[in-house]
Amino acid sequence: SAEPGQPESRGPAGEPAWVTAFVRQREERDKVARLKEEQSRRKKREDRLEKMRHNVQLKYTAKRKRAEEDEAKRLLQLSKEILSEGAGVDVLEQLDHNEEELILAEYESDEEKKAVAGAEEDDDDLEEEHVTKIYYCSRTHSQLSQFVREVQKSPFGKETRLVSLGSRQNLCVNEEVRRLGALQLINDRCMEMQKNKHEKKSDEEKEGKKRRVSGTVCPFYSYEQMQFLRDEVLVEVKDIEQLVALGRESKACPYYGSRYAIPAAQLVVLPYQMLLHEPTRSAAGIKLKDQVVIIDEAHNLIDTITCIHSAEVTGSQLCCAHSQLLQYMERYRKRLKAKNLMYIKQILYLLERFVAMLGGSVKQNPSCQAVSQTGTVLKSINDFLFQSQIDNINLFKVQRYCEKSLISRKLFGFVERYGGPATAVKTNKENQKLAGLQSFLLSLQQGSAREGTPQSPPVEAESSQLQTASPLMQIEGFLSALTNANQDGRVILNRQGTVGQSSLKFLLLNPAVHFAKVVEECRAVIIAGGTMQPVADFREQLLSCAGVDPSRVVEFSCGHVIPPENILPIILCSGPSNQQLEFTYQTRDLPQMMDETGRILCNLCNVVPGGVVCFFPSYDYEKQVHAHWEKTGLLTRLAAKKKIFQEPKKASQVEQLLVSPSPQRCSQAGGQLTGALLLSVVGGKMSEGINFSDDLGRCVVMVGMPYPNIKSPELQEKMTWLDKTMARAAGQAPSRVLIENLCMKAVNQSIGRAIRHQKDFASILLLDHRYARPATLNKLPQWIRERTQVKPAFGSAFAELRK
């Protein structure tokens with residue numbers, strides 16, 4: 001304390017000095033305690049990892065224990081089969097038992113989260129704090145596997161704790177579940193098998209209960225086995241294929257085993273659809289708080305977010321789901337709890353109102369109901385809810401019920417087993433003794449027919465493939481989309497011909513609302529790609545709308561690995577006969593424009609030694625030009641120099657085209673042909689993710705500017721929304737900037753197909769004088785823009801190409 005007669009010293013805030021000193025000391029003590037605690041946790045984690053690396057005996061002990069357990073289970077199952085054969089189980093009782101798995105369990109709507117019973121109770125590692133990590137996302141599993149292989153080859157490969165995440169479709173090792181094929185079916189079946197396990201455990205605890213729980217339990221969902229797999233994943237870097245092989249070997253689920261490894265991992269590799277969808281992110285146990293996220297191949301990031309959160313259902317699907325669900329409710333009405341019946345009736349009412357909005361009725365065949373007012377109508381979410389008279393239903397609760405009760409899976413099992421009407425699902429179970437139920441369903445059909453309800457709608461010609469899931473799964477997605485904020489989306493009513501052909505579609509207008517949480521929680525987000533130009537869309541539509549401070553956004557662009565002389569980009573303004581090149585909707589169909597394009601390609605094929613890839617704005621225009629050249633004889637002249645290929649519409653045929661020996665053989669020396677000419681389409685199968693490296697692609701030709709269809713209702717609504725919410729940039733309306741950016745993104749993706757490695761070389765020819773406009777030229781990638789030459793006449797351009 002201060003001496004008597006002397007004033008007491010005070011801090012900057014007017015507090016006594018001893019108070020300030022005490023607060024500072026306490027903060028220092030707390031900081032030291034936190035650091036000690038963090039150091040202790042890190043030491044425990046490192047000790048555990050070191051033990052896993054060196055304790056080889058652990059692996060063999062676990063394997064031997066699993067083998068003993070499997071043998072015991074096998075013997076137990078064998079004894080049960082022998083007993084059941086001797087007892088002679090009554091057929092009707094067995095049938096009743098088989099139907100147990102189709103009955104919905106009692107649903108508690110107010111219970112948001114249930115504590116998962118089972119093996120997790122005994123393990124504290126599940127609550128382990130997440131270490132600072134990098135989430136690396138890309139578009140496809142093949143790109144992720146390529147990245148993992150590079151990590152394995154790097155100097156950090158042995159020390160990095162890397163986890164590869166994927167969907168059940170990629171990681172499931174249970175063959176019975178994998179055979180279902182469709183992702184939604186696999187997800188539902190997996191969840192149901194877990195539920196069976198928990199129900200079985202709770203029922204076994206109840207003594208004297210005779211009825212046993214139906215349904216099988218997944219043999220790979222054992223926490224001890226998954227813990228072993230988690231440890232193996234953390235010790236050594238593995239891609240998805242190696243992870244699946246390890247899961248089969250150790251009889252552990254790679255899907256859940258990899259998720260248990262997330263907290264201790266330093267690098268998590270996953271498809272960016274999994275990271276961008278919040279429910280999937282939460283289910284996977286991904287925590288973005290203060291972590292680093294890298295989104296690679298992000299040129300279509302905005303479109304991906306829009307697609308993930310948009311949904312569409314057809315009139316056929318709505319009527320089909322209503323018919324199936326109504327039969328399910330009638331069959332099990334006496335067995336279902338009151339809450340289940342209430343929610344099923346609400347869903348049936350929603351389906352009725354959706355069909356009514358399309359101008360039809362669920363009591364008639366959707367393929368036979370003509371729509372009186374055809375066309376496309378856009379509505380806000382609130383207007384749609386009020387006009388369809390469903391604004392009094394809590395869609396959040398209905399959506400949660402659909403997710404928690406597994407009603408889609410139960411309904412699909414019901415249809416698959418009993419072959420109810422209004423479905424095209426094939427059953428894989430034969431010789432079932434279901435005469436009683438089939439006659440019941442037949443009576444329902446006859447009763448419906450008397451009331452004017454048709455039998456199952458005929459399968460449309462274009463959907464020759466059989467449905468792989470209940471249509472209720474698509475409807476669940478649509479219900480989820482309707483829970484978005486009113487200003488962030490629109491509902492599109494597309495009425496075409498019949499009710500079956502008509503559809504309801506939710507269009508997300510503001511992708512930033514779903515991306516905002518990612519950029520808010522992460523300490524850093526890196527949006528990367530080989531061709532990101534133009535970047536204005538990312539900055540304005542994603543980051544600015546998500547509330548990101550402009551000072552936080554940093555743009556970086558680097559040059560290409562190839563030397564400047566290995567690329568020759570040319571903007572050609574006119575053709576060999578001085579015809580100005582302007583491929584607008586009004587002029588591109590003129591015969592002289594198609595002839596001029598053919599003459600340019602004929603000259604190119606004379607000087608280009610390898611393959612030529614020619615991109616057209618659409619499939620229809622490519623077919624039109626091909627037919628015109630065939631008629632005028634230009635195609636014969638082209639075929640004399642290059643073997644001509646057309647881009648297939650089916651994805652399965654793309655790989656066959658690229659690996660076929662024809663493009664390679666036709667470039668052999670001594671022959672008349674000097675390579676191949678591929679007529680391709682912007683935005684098609686060959687415009688993204690395909691390598692036309694080396695002689696497969698020495699010249700890329702872009703015919704016109706592939707602007708999107710401005711008459712599309714979805715695009716018009718997006719343009720209107722942008723004009724209302726975004727500020728004008730450099731005197732241009734945001735809607736106009738969007739159109740330009742969509743066009744140039746497609747161009748940049750297409751022309752980048754030919755330069756695929758450091759020693760590759762190619763020429764790029766842009767056939768339209770509009771590419772020479774400064775605003776358009778600036779939207780080309782920097783490494784192309786710096787080397788681009790604008791040629792008003794064909795002669796000088798041809799001379800450069802010849803060099």
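1. The model discussed here is a predicted one, and in it helix H21 (residues 512-521) packs with helix H22 (residues 536-544) at an angle of about 80 degrees, the two axes being 8 Å apart. H21 and H22 are therefore roughly perpendicular to each other. On the H21 side the contact is made by Ala512, Phe515 and Val519, while H22 contributes Gln541, Leu542 and Leu543. Sorted by class, the residues of this contact of H21 with H22 comprise five nonpolar and one polar, with no charged residue among them.

2. From H24, the residues that make the contact are His626, Trp629, Glu630 and Thr632, and from H25 they are Leu634, Leu635 and Leu638. The classes represented in the contact of H24 with H25 are four nonpolar, two polar and one charged.

3. Helix H17 (residues 395-405) deserves a look from end to end. At its N-terminal end, H17 is capped by Asn394, which places a side-chain oxygen 3.1 Å from the backbone nitrogen of Phe396. Within H17, the residues Leu395, Val398, Gln399, Tyr401, Cys402 and Ser405 are buried. When one looks down the axis of H17, these buried residues fall within an arc of 155 degrees, so they line one face of the helix. After H17 comes Leu406, which has a positive phi, near 60 degrees.

4. Helix H20 (residues 472-481) is mostly covered, with seven of its ten residues buried. The buried residues of H20 are Leu472, Met473, Ile475, Glu476, Phe478, Leu479 and Ala481, and the reader may wish to note that Glu476 is included in that list.

5. Is Ser763 buried or exposed? This residue belongs to strand S15 (residues 762-767), and because its relative accessibility is 10%, Ser763 counts as buried, the cut-off for buried being under 20%. Leaving aside residues up to four places away in sequence, Ser763 touches Leu568, Arg698, Cys699, Val700 and Leu801.

6. Gly181 sits in the loop between helix H6 (175-178) and helix H7 (183-205). With a relative accessible area of 36%, Gly181 is partly exposed. When residues up to four places away in sequence are not counted, Gly181 touches Gln169 and Ile186. Gln169 and Gly181 are twelve residues apart along the chain, and their C-alpha atoms are separated by 7.7 Å.

7. Finally, some totals for the protein chain. The chain contains 32 helices and 16 strands, and of its 803 residues 47% count as buried. Among the contacts in the protein chain with a separation of 6 or more, 80% are accounted for by residues 24 or more positions apart.

Technical notes: Residues are numbered from 1 along each chain as its sequence is written. This is a predicted model: local features need pLDDT of at least 70, side-chain atom pairs count only at pLDDT 80 or more; totals for chains, interfaces and linings use all residues. Side-chain values use heavy atoms; hydrogens and water are left out. Helices (H or I, at least four residues) and strands (E, at least two) are DSSP runs, numbered from the N terminus. Buried means under 20% relative accessible area, exposed over 50%, partly exposed in between (1.4 Å probe, protein chains only). Contact means heavy atoms within 4.5 Å. Axes are lines fitted to C-alpha atoms, for helices over the stretch in contact, and angles run from 0 to 180 degrees between N-to-C directions. Angles under 35 degrees count as roughly parallel, over 145 as roughly antiparallel, 65 to 115 as roughly perpendicular and the rest as oblique. Ala, Val, Leu, Ile, Met, Phe, Trp, Tyr, Cys and Pro count as nonpolar, Asp, Glu, Lys and Arg as charged, and the others, Gly among them, as polar. The arc is that of the directions from the helix axis to the C-beta atoms. A polar contact is a pair of N or O atoms within 3.5 Å; within protein, one must be able to donate a hydrogen and the other to accept it, and residues adjacent in sequence count only if both atoms are side-chain atoms.
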